[in-house]
Amino acid sequence: RLPYSEIGLQRSHMTGLSCHCADIFTGVGLFGLKKWMAGGVCHSKARLDGKTVLITGANTGIGKETAVDMARRGARVILACRDMERANKAAEEVKKRSGNDSVIVRKLDLASLQSIRQLAKDVLASEERLDVLINNAGIMSCPKWKTEDGFEMQFGVNHLGHFLLTNCLLDLLKKSAPSRIVNVSSLAHERGQIHFDDINQDKDYRPWRSYAQSKLANVLFTKELANRLQGTGVTAYSLHPGVIRTELGRHFWPTVPLWKRVLYVPFVFFIKNPTEGAQTTIYCAVEESLQNESGLYYSDCAPKTAAPQGLDDEAAKKLWELSASVVGLT
């Protein structure tokens, strides 16, 4: 029989041990949850030696991480960016991290149709091939701004800019077939509607509604693009990268009340980092099993059914015709 003092000591030790074990299991659980939240990983070992990849908005976030991965696989990588100073710094980082010096920078302002056409002209003049076009750049929840050509900024940059760029580069993509077009969309498309009667949201502008419209446009564009490219060897994919710590939220975060920001802080631990967020883009760009798939939507490196409004063939065709008309595409 133990003395009371030793019994108390043993109980204290067991209590401490229980708390320690609980802390361990809590820690393991949190990291397990974080790993689950990180989503799928692209396991493809495909090489891209001799191939060329163009990525818009590749000077930061998932665009830059995608560029690093493409360069590591041996591709010639073109960073198409608006801010040339930041793009040049990003290019040096991509070269250093990938060990591949075949990384170049091209000027692209998706809020300017003239800039888009000039980039396409430069690429067609300097590149013999284009194997993968990754339409990654985007803007989210900004104030009511207009592009150089008078379009609502989010619809203009996220959809119309990439629509025109893709069409300007289609001949080179066809020449390089099999080739791919990857459009970075978002889960936000599920809450989107295409406002054909007020495409620039002039009657009632709401930042999030406009963003959702532009992301739905990405999904519909991919669908119609796939239909039009049947038999060419060029395939198209749209995707949701996940909730990621990037600069995309720079216009949204300042509008959030301070008390809400405080509530959000604990959840930052579970948000994807840019490397994790780039995985589905990389998957759509290189995964061999997708070669004969086109027009589908992906999330966490796997196909996912898009929202019903993202499956509407008539809306996809109507959006194409409207887009072609407003950007002056014949």
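These legends describe close-up views of a predicted model.

Residues are numbered from 1 along each chain as its sequence is written.

**View 1. Helix α4 packs with helix α5**.
Helix α4 spans residues 113-126, and helix α5 spans residues 153-175. Helices (H or I, at least four residues) and strands (E, at least two) are DSSP runs, numbered from the N terminus. The two axes come within 10 Å and cross at roughly 20 degrees. α4 is therefore roughly parallel to α5. Axes are lines fitted to C-alpha atoms, for helices over the stretch in contact, and angles run from 0 to 180 degrees between N-to-C directions. Angles under 35 degrees count as roughly parallel, over 145 as roughly antiparallel, 65 to 115 as roughly perpendicular and the rest as oblique. The α4 and α5 crossing is right-handed. In a right-handed crossing the near helix is turned clockwise from the far one by less than a right angle; anticlockwise is left-handed. From α4, the contact (heavy atoms within 4.5 Å) uses Leu113, Ile116, Arg117, Leu119, Ala120, Val123 and Leu124. From α5 come Gly161, Leu164, Leu165, Cys168, Leu169 and Leu172. By class, this α4 and α5 contact has 11 nonpolar, one polar and one charged residues. Here Ala, Val, Leu, Ile, Met, Phe, Trp, Tyr, Cys and Pro count as nonpolar, Asp, Glu, Lys and Arg as charged, and the others, Gly among them, as polar.

The structure holds one cavity of 30 Å³ or more. About 30 Å³ of space lies in the largest cavity. On a 1 Å grid over the protein atoms alone, a cavity is a set of points where a 1.4 Å probe fits but cannot get out; a pocket is an open set with protein on both sides within 12 Å along at least five of seven lines; lining residues have an atom within 4 Å of a point. Grid points are joined across faces, edges and corners, and a volume is the space filled by probe spheres set on the points. The lining of the largest cavity includes Leu113, Ile116 and Gly161. α5 gives the largest share, three residues. The lining has six nonpolar, four polar and one charged residues.

**View 2. Helix α2 crosses helix α3**.
The axes of α2 (residues 61-72) and α3 (residues 84-98) come within 9 Å and cross at roughly 40 degrees. The pair is therefore oblique. Their crossing is right-handed. Lys64, Glu65, Ala67, Val68, Ala71 and Arg72 of α2 meet Ala90, Glu93, Val94, Arg97 and Ser98 of α3. This α2 and α3 contact has five nonpolar, one polar and five charged residues.

**View 3. The second largest pocket has 13 lining residues**.
Its space is about 180 Å³. Leu48, Lys51, Arg180, Ala285 and Gln291 lie nearest the centre of this pocket. β5 (179-184) and α9 (279-286) each supply at least two lining residues. The lining has six nonpolar, two polar and five charged residues.

**View 4. A cis peptide bond joins Ala177 and Pro178**.
Omega is about 5 degrees at this bond. Pro178 sits in the loop between α5 and β5.

Terms used:
Predicted model: local features only at pLDDT ≥ 70, side-chain atom pairs only at ≥ 80, totals over all residues. Heavy atoms only, no water.
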